[in-house]
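Trainee: Could you take a close look with me at one part of this model, the contacts made by its aromatic rings?

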Amino acid sequence: MRGEPPAWSPAPAQAAALLEEATDLLVLHRDFAAAVERCEAGCDSLGAGPGPESSAEVKCSLCVVGIQALAEMNRWREVLSWVLQYYHVPEHLPPKVLELCILLYSKVREPQVMLEVGSSWLRDQTNRSLPEYSSLLELHVVHVLVPLGRFEGAEELVRGCDVLDSEQQLALLGTIGKSRCQWTQQEEMHSVTEEQQDAATETVLGALSQKLLTMLTLLRRALRSMSSHFCLLPYKKMLLAAFLLYLVVVRLDPASPTALPFIYKLVQLFRQAWAAVLSPIHRPPIRD
């Protein structure tokens, strides 16, 4: 008589049901926020710490669905912290979860987020016995270390890994060397471009400085000419004329007979001031 499969305990069974709901919400209904809520509820029902293998698989699947839902909502910055709240330390991350995190942060061009996480996971002795170790090491080298320019660290990691065979090591070292050459060429081109931009900027600034100096020189000459011109004007008569004009316009009625002497005096002062302004000293020289 064939035995029946062992029934799951209530917690894994509840988590499995929530996993199914989260998957439907993610794939069929495209309700990503609700999918994340189901994943969180499922992980919380399983509790912290290691559990049975079936619980670990369900928990890993819940995190995979949650990562995809967060990425769909453009909340990729929260992915790593969201996952670590259920696994606490990077060394305990399942290989599938770590792979998704590396690929996600590589796609959004933020590989530095996974630098310490991936290094910690690869240094763990327990993880070295996993069949996914070599593929995750290659993923860490290609998508994290190389984009960050950590070529020496990548080469040391590959040479010191006894899990990789010689062909895998040679292939990875060749990839690192090729990326190093491309990185060097890009750095040289970038430095040449910066030098050209600096030279162009200096040329433009030099031309602007020369123009500004010329304008300041002309302005100084104009101010000097105006000051010498106004110093020769009859200020006392101009002030007296202004005072009389104030009296006639503001204090007196121009049509009144009493204002006639003031108006006559005002006209005389304006004539004298005008004659002084147009005297031979102020008149420009006549050229043939």
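Predicted model: local features only at pLDDT ≥ 70, side-chain atom pairs only at ≥ 80, totals over all residues.

How many aromatic pairs does the structure hold?

Mentor: Happy to! Residues are numbered from 1 along each chain as its sequence is written, and side-chain values use heavy atoms, with hydrogens and water left out.

The structure holds four aromatic pairs (rings of Phe, Tyr and Trp, the last by its six-membered ring, with centres within 6.5 Å; planes under 30 degrees apart count as stacked, over 60 as edge-to-face and the rest as tilted). One of them joins Trp76 and Tyr105, edge-to-face, at 6.1 Å centre to centre with 80° between the planes. This pair links distant parts of the chain, 29 residues apart: Trp76 is in the loop between helix H3 (53–72) and helix H4 (79–87), and Tyr105 is in helix H5 (residues 95–107). Helices here are DSSP runs of H or I with at least four residues, numbered from the N terminus. Trp76 has a relative accessible area of 12%, so this residue is buried (under 20%; exposed is over 50%, partly exposed in between, with a 1.4 Å probe and protein chains only). Tyr105 is buried too, at 2%.

Another edge-to-face pair is Phe151 with Trp183, 5.7 Å centre to centre and 80° between the planes. Phe151 belongs to helix H9 (residues 151–159) and Trp183 to helix H10 (residues 166–231), so the pair ties together parts 32 residues apart in sequence. Here Phe151 is buried at 6% relative accessible area, whereas Trp183 is partly exposed at 33%.

Note on methods
Helix = DSSP H or I, 4+ residues; strand = E, 2+ residues; numbered from the N terminus.
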